[in-house]
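Hello,

Here is the structure we talked about, and my notes follow below it. Please have a look at it alongside the text.

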Amino acid sequence: QVQLTESGGGLVQAGGSLTLSCAASGGTFSSYTMGWFRQAPGKEREFVGCISWSGALTSYGNSVKGRFTVSRDNAKGTVSLQMNSLKPEDTAVYYCAADHVLSGIEIITKGESDYDYWGQGTQVTVSS
């Protein structure tokens, strides 16, 4: 069982930057592809980005590509989402998620249903 706790959300002006962090506990962190999703009011949850267990592979949603960066520190059991050039449409609750993968296999996971564990989410609000 893995517990995920997001932090770093808040209010930021358009064009600004924010870094979200997700701390994992209760499992072998390097056994998981880690993902970030977001959900805006009245909308479905959307894939933001993910990173394979070693950090060798990353993937991003089209709406954030070139602005957001996912990174991880396996020694600390954390995954981060660096968000630059923020737009009002980036306003959402951001969730981190963990997908258990076979040992040593680098996997990119974009599907929400493929993730095994989820955090509670952290609110990001971008003002215009």
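Ser80 sits in strand β8, residues 78-83 (strands are DSSP runs of E with at least two residues, and both helices and strands are numbered from the N terminus). A word on the basis: this is a predicted model, where local features need pLDDT of at least 70, side-chain atom pairs count only at pLDDT 80 or more, and totals for chains, interfaces and linings use all residues. Residues are numbered from 1 along each chain as its sequence is written, and side-chain values use heavy atoms, with hydrogens and water left out.

Ser80 counts as buried because its relative accessibility is 19%, buried being under 20% relative accessible area, exposed over 50% and partly exposed in between, with a 1.4 Å probe and protein chains only. Leaving aside residues up to four places away in sequence, Ser80 touches Thr19, Leu20, Ser21, Trp36, Thr69, Val70 and Ser71; contact means heavy atoms within 4.5 Å.

Strand β8 runs antiparallel to β7, and six bridges join them (two strands pair if DSSP finds at least two bridges between them). One of these links is between Val70 and its bridge partner Leu81 in β8. Strand β7, residues 68-73, has a covered face of Phe68, Val70 and Arg72, while Thr69, Ser71 and Asp73 make the uncovered one. Four residues lie between the strands of this hairpin, in which Gly77 takes a positive phi near 70°.

Elsewhere, Leu102 lies in the loop between β9 (92-100) and β10 (117-118). Leu102 is exposed, with a relative accessible area of 66%.

Best wishes
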